[in-house]
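The sequence and coordinates come first, and the description follows.

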Amino acid sequence: MPTLHAKLPASATDRWSACPGSVHMDAPVRERSVYADEGTAAHALAESVMSDDDAGPIAGYLSLAIFVGPKGETRIVNEAVQPHSAGQAGDEAKFVIDHEMIEHVSVFVDFCETASITHGDGSKVTGTLLEKYVKLAGVHKSLGGTLDFAEMYANGDAILADLKYGRGVVVDVEDNLQQKVYALGLALQRPKSIKRVISYIVQPRAYHVDGPIRRAVYDADYLRGEFADWLRQRALDTEQPDALVFAGSHCRWCDAASICPVKFEQVQKAAAEEFGAVTTAMVPTEKAEVDFPAALSQAYEILPQVEAWCKNVRATALTFLSDGRDIPGYKLAAGRGTRTWNITPEELTPILRQGKLLKADCFTEKIKTPAQIEKLLAQQKGMSPKLIKMLLGDLIESTPGGPKVVPADDPAEDFRSDAAADFAT
Ligand code: SF4
């Protein structure tokens, strides 16, 4: 089914609410990203498993292919029965469903399929939505978005769950604007009966200190009142012909970022001033004056300055904090550590055999990393995480990573207080 798009999509609320003029930017067409297509394929798999009563368990989808078209349309094909060439347009992306996709999509499917047990105090399910496009016309005619999964209960609770299949950008759930718009869309479906909305992000492939499933709880009256008023005003702002353009962190996913004159000015200023003000800039939108090739050419000219500036800021901040000085809003945290085997390959071989792994499975010219071996073991029949831990737990040595600079509200422990505690013991 092709994906429906609102003019003010829920998924881009952080961008258009902060930069109303971005809606009028005539952005260049971006290359389709393989990561976005892969996410679409994962959603199609989840939807198929949950919506088709005859589908059977998700494991039955192993080795089938998912094709993703240019408008987000998908089809799942058993290529042994229906060869790839049959009906495939040249611009479709193809993904073969492998163990990894099944493992990760299962986290979302299992969550949704057991939601009625873990929510609603055993209260009756009064409605379920799956891949449902929800309009928020009561707030503003251009608002809408597609809910991955939602369920409503007789006790006044409603839940929604959003599958994030990416592993590169970790998504927080607290005050997540996209989620709040979905939550409002749900609260508006049943204004009299829904009392609170519990919003979940399920992101099985990316590490987060709170785990792969994270939640935020919203009072439905707050969503239908204060939040709806705020959202309506931001949507009305986008209708102004001279809507303002503001640069900031929300530019990250903006299609116009590479040609936007305000973004350009912000980066240029930052590069020129090195440590000058870099948070916002504003000018009226001048859509007609944007010359894409010239804007891209200008942007390319300052790339070395900008890259050097970023490197400089990171290095200086690290030195600054490591020296014991403070930077408002930032602290030092431990970087990612590494794990290595603490026994020889000869000693390890008979142990791995217990996990039904042959020498050829585990050895390259040098031994594979602990994470790679754990993944191989996990694919063996009868191997649970507990068994894997029993088998390998004492054989892996973890070395903490070096310090890195992160925002002060990052959930990571403060590296300096950790180090001080180590000294004290
Ligand atoms: S790049 Fe940033 S400032 Fe420019 S239109 Fe997009 S969101 Fe607005």
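Leaving aside its neighbours within four places in sequence, with which residues is Leu 186 in contact? Leu 186 is in contact with Leu 147, Ala 150, Ala 158, Leu 160, Ile 194 and Val 197, where contact between two residues requires their C-beta atoms, placed from the backbone, to lie within 7 Å.

The model is predicted: local features need pLDDT of at least 70 and side-chain atom pairs count only at pLDDT 80 or more, whereas totals for chains, interfaces and linings use all residues. Residues are numbered from 1 along each chain as its sequence is written.

## Overall organisation and main core

The protein has 13 helices and 15 strands, these being DSSP runs numbered from the N terminus (H or I over at least four residues for helices, E over at least two for strands). Of its 425 residues, 27% are buried; a residue is buried if 20 or more other C-beta atoms lie within 10 Å of its own, exposed if 12 or fewer, and partly exposed in between, with C-beta atoms placed from the backbone. Among contacts between residues at least 6 apart in sequence, 72% join residues at least 24 apart.

The largest nonpolar core holds 70 residues, a nonpolar core being a set of buried Ala, Val, Leu, Ile, Met, Phe, Trp, Tyr and Cys residues joined through C-beta atoms within 7 Å. Within this core, Leu 45, Leu 160, Ala 183, Leu 184, Leu 186, Val 197 and Leu 223 touch the most other members. The elements that give two or more residues to this core include α2 (34-51), β6 (143-153), β7 (157-163), α5 (177-189) and α6 (220-239), and the largest share, seven residues, comes from α5. Domain 1 (8-237) and domain 2 (249-322) each contribute at least three residues to this core; the domain bounds come from an automatic or database domain assignment. A second, separate core of five residues includes Leu 321, Ala 333, Val 405 and Phe 415.

All 11 of the 11 residues of β6 are buried, so β6 is largely enclosed by the rest of the structure. Its pairings are set out below, two strands counting as paired if DSSP finds at least two bridges between them.

| Strand paired with β6 | Sense | Bridges |
|---|---|---|
| β1 (residues 8-9) | parallel | two bridges |
| β5 (residues 125-135) | antiparallel | nine bridges |
| β7 | antiparallel | four bridges |

## The ligand shell

Around the ligand there are 15 residues, of which the closest are Cys 19, Ser 22, Cys 251, Cys 254 and Cys 260; a residue counts as near the ligand if its C-beta atom, placed from the backbone, lies within 6 Å of it. The shell divides into 11 nonpolar, two polar and two charged residues, with Ala, Val, Leu, Ile, Met, Phe, Trp, Tyr, Cys and Pro counted as nonpolar, Asp, Glu, Lys and Arg as charged, and the others, Gly among them, as polar. At least two shell residues come from each of β10 (244-246) and α7 (261-273). Because domain 1 and domain 2 both give residues to the shell, the ligand lies between them.

## Individual residues

Most residues other than glycine have a negative phi. Ser 63, although not a glycine, has a positive phi of about 75°; Ser 63 lies in the loop between α2 and β2 and is exposed, with 12 other C-beta atoms within 10 Å. Lys 356 likewise has a positive phi, near 65°, and is placed in the loop between α9 (345-353) and α10 (359-362), where Lys 356 is partly exposed, with 13 other C-beta atoms within 10 Å.

Leu 332 is in strand β12 (residues 330-334) and counts as buried, with 24 C-beta neighbours inside 10 Å. Not counting residues up to four places away in sequence, Leu 332 touches Leu 321, Ser 322, Pro 403, Val 405, Phe 415 and Arg 416. The C-alpha atoms of Leu 332 and Ser 322 are 7.5 Å apart, although these residues are 10 residues apart in sequence.
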